[in-house]
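The sequence and structure come next.

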Amino acid sequence: MKILVILLSLVVIGLVIYFNRNKKNIESIQDKRIEITEDVEWDELEKIISDFDTDLITGKQNITDFINNNYSNFNSDFLSKIDLNNIKTEFNNYLTNVVLKKPIGDKIKSLNFGLFESDSDNILCYVSGSNLNPKDDVDWATTQEYFPKLYLELSEFKIINKELKKYKGNISDIEQLIINGFMNLVIANSIMEIDNVTNNKNLNLGSGYDSGDIFIIREN
């Protein structure tokens, strides 16, 4: 009996040592992440994220230049490999499939393309609709009279999210600039496709993180 107790004690001690070492290894890896310390006024960020009147190439360059000019510790080289046309294709295919499966009712006045981080470490997009205009209620996007619960996992966003994990500190602003900025650009450059798929040229269009601001891309 005493031998069994000793053996169990040794096992417990071994497990404690094992988990402590793993915890230290994880903390060591996290400590190697690059610290982002720069603070930029939200008005400046919002202006860049809301620049809807540009083509994909120009808009992407504007976002990249802004990041390079304001965040000295952030390496934006990977953004050159991000293909916004690929995001646009995946987005339009997604919306087409959603509308085919669940048509948008005549009472829907506004569409929101929401963004959130999934459990699989990627940024997912979804579409929801409201009977309200943004002018009617600032919380119009939360009413969700149209909510098919179908989600879009963009391959380019997976690459971006992986790169963002290399940093710590004030990284949320950069995430907004890249993810929300790119999403807004794609939507703004897909107006014709959205109108054709929904068969409605009068829909208000917005996009944003569930926990943040909704950017109004088109308002009627």
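The model is predicted: local features need pLDDT of at least 70, side-chain atom pairs count only at pLDDT 80 or more, and totals for chains, interfaces and linings use all residues. Residues are numbered from 1 along each chain as its sequence is written, and side-chain values use heavy atoms, with hydrogens and water left out.

**Salt bridges**
- With a side-chain nitrogen of Lys or Arg required within 4 Å of a carboxyl oxygen of Asp or Glu, the count is 4 salt bridges.
- Glu193 pairs with Lys88 at 3.4 Å, N to O, joining helix 7 to helix 4 across 105 residues.
- Lys88 is buried, at 18% relative accessible area.
- Arg218 and Asp195 form another salt bridge, with the closest N and O atoms 2.9 Å apart; Arg218 is in strand 7 and Asp195 in helix 7, so the pair ties together parts 23 residues apart in sequence.
- Both Arg218 and Asp195 are buried.

**Helix 7**
- Helices (H or I, at least four residues) and strands (E, at least two) are DSSP runs, numbered from the N terminus.
- Ile194, Asp195 and Thr198 are buried in helix 7, residues 191–198.
- These three cover an arc of only 100° around the axis (taken from the directions from the helix axis to the C-beta atoms), which puts them on the same side of helix 7.
- Met192 and Asn196, on the other side, are exposed.
- The buried residues pack against elements including helix 6 (172–188) and strand 6 (204–209), where contact means heavy atoms within 4.5 Å.
- Asn199 follows helix 7 and has a positive phi, near 55°.

Definitions and conventions
Buried means under 20% relative accessible area, exposed over 50%, partly exposed in between (1.4 Å probe, protein chains only).
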